[in-house]
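Dear colleague,

Please find below the structure that I am handing over to you, with its sequence.

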Amino acid sequence: MANSIKERVQEILSQLPAGVELEAAAKSRQPFEIIEAIEAGIKIVGENYVQEAERAYREIGQRCRWHMIGHLQKNKAKKAVEIFDLIETLDSLELALEIDKRAAAQGKVMSVLIEVNSGREPQKAGVFPEDVEGLIRSVSGLKNIRILGLMTMGPLEGSPEDFIPYFRETRRIFEHLKTLNIQNVEMQILSMGMTASWRVAIEEGANLVRIGTGIFGPRHQDV
Ligand SMILES: *Cc1c(COP(=O)(O)O)cnc(C)c1O
């Protein structure tokens, strides 16, 4: 692994096929580290916690686009709508109603991805594959939300090949949803792949990869 944030960002960017965007997953990183990544070419920063995002946003502002990639609590929806350009983790109608209400109050149409629990693991965030279409049909009636695609994590452990079935399943749902032409729904973004799995994710159709340790190095404290 290259030994600076700048070198690692440039190395990954040089390997990305056209049409695939790189997002720096910045949980537990300091604003100065995020700025270093932006100066090396990062245009999208993913945050897991609204409070952490707020702190970073105050220093960095609009020098990048901000994505929410952690589980969003309803009581943080107002702040999230203020800060983020895309919420990648919508996984319930309840949360959608709250986001819609907050976005309406701010005169904003909030772009979201639906998080798919592609491993069907009960303790994990996201919607089971068989429930994605139903949720999307319900959310599509909300005027201040626009659904732009799907996000998935897949299993936390394993070799890159172990991710393939989960990515493939999410891609299949993505392609199916495209054919349905639901109003307010544009299947444009397929967010899959992290440090260990981004290459196979791209092979399976991802056009947004979220990389943390591969950019910033090992995390000091796990959060
Ligand atoms: C931390 C995180 C990533 C990046 O994980 P790495 O293995 O550090 O690349 C991607 N997506 C989400 C949702 C994360 O929380």
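This is a predicted model: local features need pLDDT of at least 70, side-chain atom pairs count only at pLDDT 80 or more; totals for chains, interfaces and linings use all residues.

Core

The largest nonpolar core comprises 67 residues. Those with the most contacts inside this core are Phe-84, Ile-99, Ile-136, Leu-150 and Ile-215. Helix α7, which covers residues 164–180, gives the most to this core, with 5 residues. As for Ile-215, once residues up to four places away in sequence are set aside, its contacts are Ile-5, Arg-8, Val-9, Ile-12, Leu-22, Glu-23, Ala-24, Ala-37 and Ile-42. There is also a second, separate core of 7 residues, with Ile-44, Leu-86, Leu-113 and Leu-208 among them.

Helix α7

Helix α7 has 17 residues. From its first C-alpha to its last, α7 reaches 25 Å, close to the 24 Å expected at 1.5 Å a residue. Which residues of α7 are buried? They are Ile-164, Phe-167, Thr-170, Ile-173, Phe-174 and Leu-177. The cover over these buried residues includes the strands β5 (110–116), β6 (145–152) and β7 (185–191), together with the helices α6 (132–139) and α8 (198–203). Just after α7, Asn-181 takes a positive phi of about 50 degrees.

Aromatic pairs

The structure holds 2 aromatic pairs. In one of them, the ring centres of Tyr-57 and Trp-66 are 5.9 Å apart and the ring planes stand at 70 degrees, so this pair is edge-to-face.

Ligand site

How many residues surround the ligand? There are 13, and the closest are Lys-27, Asn-48, Thr-195, Arg-210 and Gly-212.

- Asn-48: a polar side-chain atom lies 2.8 Å from an oxygen atom of the ligand.
- Thr-195: a polar side-chain atom lies 2.4 Å from an oxygen atom of the ligand.
- Arg-210: a polar side-chain atom lies 2.9 Å from a nitrogen atom of the ligand.

Backbone details

Arg-120 is not a glycine, yet it has a positive phi of about 50 degrees. Arg-120 is found in the loop between β5 and α6, and it counts as partly exposed because its relative accessibility is 42%. Asn-184, likewise not a glycine, has a positive phi of about 70 degrees. Asn-184 sits in the loop between α7 and β7 and is partly exposed, with a relative accessible area of 33%.

With kind regards

Conventions:
Residues are numbered from 1 along each chain as its sequence is written. Side-chain values use heavy atoms; hydrogens and water are left out. Rings of Phe, Tyr and Trp (its six-membered ring) pair if their centres lie within 6.5 Å; planes under 30 degrees apart count as stacked, over 60 as edge-to-face and the rest as tilted. A nonpolar core is a set of buried Ala, Val, Leu, Ile, Met, Phe, Trp, Tyr and Cys residues joined through side-chain atoms within 4.5 Å. Buried means under 20% relative accessible area, exposed over 50%, partly exposed in between (1.4 Å probe, protein chains only). Helices (H or I, at least four residues) and strands (E, at least two) are DSSP runs, numbered from the N terminus. Contact means heavy atoms within 4.5 Å. The expected span of a helix is 1.5 Å times one less than its number of residues. A residue is near a molecule or strand if one of its heavy atoms lies within 4 Å of it. A polar contact is a pair of N or O atoms within 3.5 Å; within protein, one must be able to donate a hydrogen and the other to accept it, and residues adjacent in sequence count only if both atoms are side-chain atoms.
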